[in-house]
Amino acid sequence: MTEAAAVVSETVAPNGSSDENRSLASDAWRSLRKNPIFWASAVLISIFVLMAIFPSLFTSTDPREAVLSESRSRPGDGTWFGRDIQGYDIYARCIYGARASILVGVLTTILTVSIGGFIGVMSGYLGGAADAVMSRVGDVFFAIPLLLGAIIFLVSLPDFFSSNAFLGALKVSLALAVLGWPSMARLMRSSVIQVKPNDYVQAARALGASPSRIVRSHILPNSVAPLIVVATISLGGYIAAEATLSFLGIGLQAPAVSWGIDISAALVGLRTTPHMLFFPSLFLSLAVLGFILLGDAVRDALDPKNR
Amino acid sequence: MTTIQDTQTAGSEYQPVDGLLLEVEDLFVEFHTPDGVATAINGVSFELRQGESLAILGESGSGKSVTAQAIMGILDMPPAVIPSGHIRYCGQDLLTMPEEQRRKTRGPEISMIFQDALSSLNPVFPVGWQIAEMFRVHRGLNKSDALEKAIGLMERVSIPAARERVKAYPHQFSGGMRQRIMIAMAIALDPAVLIADEPTTALDVTVQAQIMALLQELQEERHMGLILITHDLGVVADVADRIAVMYTGRLVETAEVHELYARPAHPYTKGLLDSIPRLDQKGQTLAAIGGLPPNLLRIPPGCPFNPRCHMARDVCRTDLPPLHEVTPGRFSACHYAEEVINA
């Protein structure tokens, strides 16, 4: 009977109420909800995503409708943001430009996370020769400068990729992913190496879990948090990289609508009509800022030290 | 009392011969390190029968945990190497078995409990999910049936309000409760052999006794063979039938538990027994074994215990004493075992 009494006294959970079951994800959500930065970034990102999917909600003007007689007209002269050198409505171009940026950002993130994540898990879990080979291959790609590598890659791709807007975005995403996956792989590898020696992985082996189950149930859920954070922050970076490549004329090409293309076109009137440069740059900065802030908020939420 | 007996184990391909579950024969385990080869297990042999509990006793580095990991097949190889020896389960050698076949013995045939139950449970999944996973993966049960079985097991290991606690996460349980959950996972598939590697070391003393009582109860109920690995002589006294004492990777003494406590046949065992604090010695200095266990890379010649042995003579520094039968059923690896046992 003393055993029964002791058992009861032993069960008082450290954090009070026992029906409040806290998983890592629900803990993170709890902490995210209280973070104003999260809400600010969420609003920004939602607006840009909405813009990308339904640009017609924001404007009824065609971004490719050139009114040459009003070329370089200032904001307020019939249009909100003025017109650029071709007589395009800058407001409409900013709205329609979101699609290319978000598409490239999301596609590149999906590609780098899946390629880098897979290779990182494999090299971290397998170790030894497999790790050495995959890490060195990653180092080779890591050593290529982004712009140089992207220029070579984009120039060497067949014209097939220029045939429509989606393929154009895919082409830029491929170039960025080829050069961007090693940093994801390194991150995932180190995270997996940290998780692998944990007792619960050993215990799972001792209870007969297969290698694939160990990776799926034990290694991946416990090591994926840093990848989520870095992927969110990188998404902003990829949007900026797309703009850079388009600015240089090797990313998306006109007639595609992209902030980078517009920034590049605005350079001719930098002194006289700076609004042509200002608005696409503002949209680009806000989009990048949104994802970086979201990444920061997610990192704070997933980091147990901040609780 | 509710018993959860799995009917599906009846048709198992592994059937013990004359109650003999596990035979470890002349097992060697080496670790290849940059500094040289450390022989962690040096020719260890023992047997385990159905319903028997064997305690493997030794201090840190004596090779007791490596023995357990070698039996389970969870040693990291490399750096570990098993150059020779046999581990037979129901007559089949686990060491020569294909890895996939061997993996399937883990859980349903041989299972293991670890020292630190907090770190042995996956922090991101509810405990009920983790126990149920055993049934889903190995038995192919659907989610709700598996969860029902998990709740039954949690009740069996005396977790109060199991049905409400099934969705709780490991960090919401106390140390003793976590160890109970670990035990529930280990016995979920009705293993014939259960290895407990220092199951109570991370727990406080009152909880230790409860966990040992639970293990003993489960062992008798399911007629399991139990290997209890510990450095704590006090913990094993009530539970173990036989004790094997290890030192620097060798067995130095094996005996029935009561005989070993009454009359140790090896100076090392005697030293361990003398170092247990006793109430009637209050105020006196505790008799500790002098010195430290040798570095496994530099084991002294002769008897590995000789530098710390107060009885050591010349022959101990040159000749390795073999494990020999001192009295029926008792084995000791000491040149002067007869002298020690009669002291």
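Tutor: Let's start with a term: a residue is buried if 20 or more other C-beta atoms, placed from the backbone, lie within 10 Å of its own. This is a predicted model, where local features need pLDDT of at least 70 and side-chain atom pairs pLDDT 80 or more, while totals for chains, interfaces and linings use all residues. Residues are numbered from 1 along each chain as its sequence is written, with chains lettered from A in the order in which they are written.

Student: What percentage of the residues in chain A is buried?

Tutor: Chain A has 307 residues. Applying that cut-off to them, the buried share is 42%.

Student: How many helices does chain A have?

Tutor: Helices are DSSP runs of H or I with at least four residues, and strands are runs of E with at least two, numbered from the N terminus. Chain A has zero strands. Its helices number 12.

Student: What is the radius of gyration of chain A?

Tutor: This radius is taken over C-alpha atoms, and the globule rule is 2.2 Å times the number of residues to the power 0.38. A compact globule of 307 residues would come near 19 Å. The C-alpha atoms of chain A fill a box of roughly 95 × 45 × 30 Å along the principal axes. The radius of gyration of chain A is 25 Å.

Student: How many residues of chain B are in contact with chain A?

Tutor: Two residues are in contact if their C-beta atoms lie within 7 Å. Chain A takes part with 28 residues. Among the elements giving two or more residues on the chain B side is helix H8 (205-222) of chain B. The number from chain B is 38.

Student: Which residues does B:Ile227 contact, leaving aside neighbours within four places in sequence?

Tutor: Those contacts include B:Leu48, B:Leu54, B:Ile56 and B:Ala68. The list also holds B:Val193 and B:Ile195.

Definitions and conventions
Buried ≥ 20, exposed ≤ 12 C-beta atoms within 10 Å, placed from the backbone.
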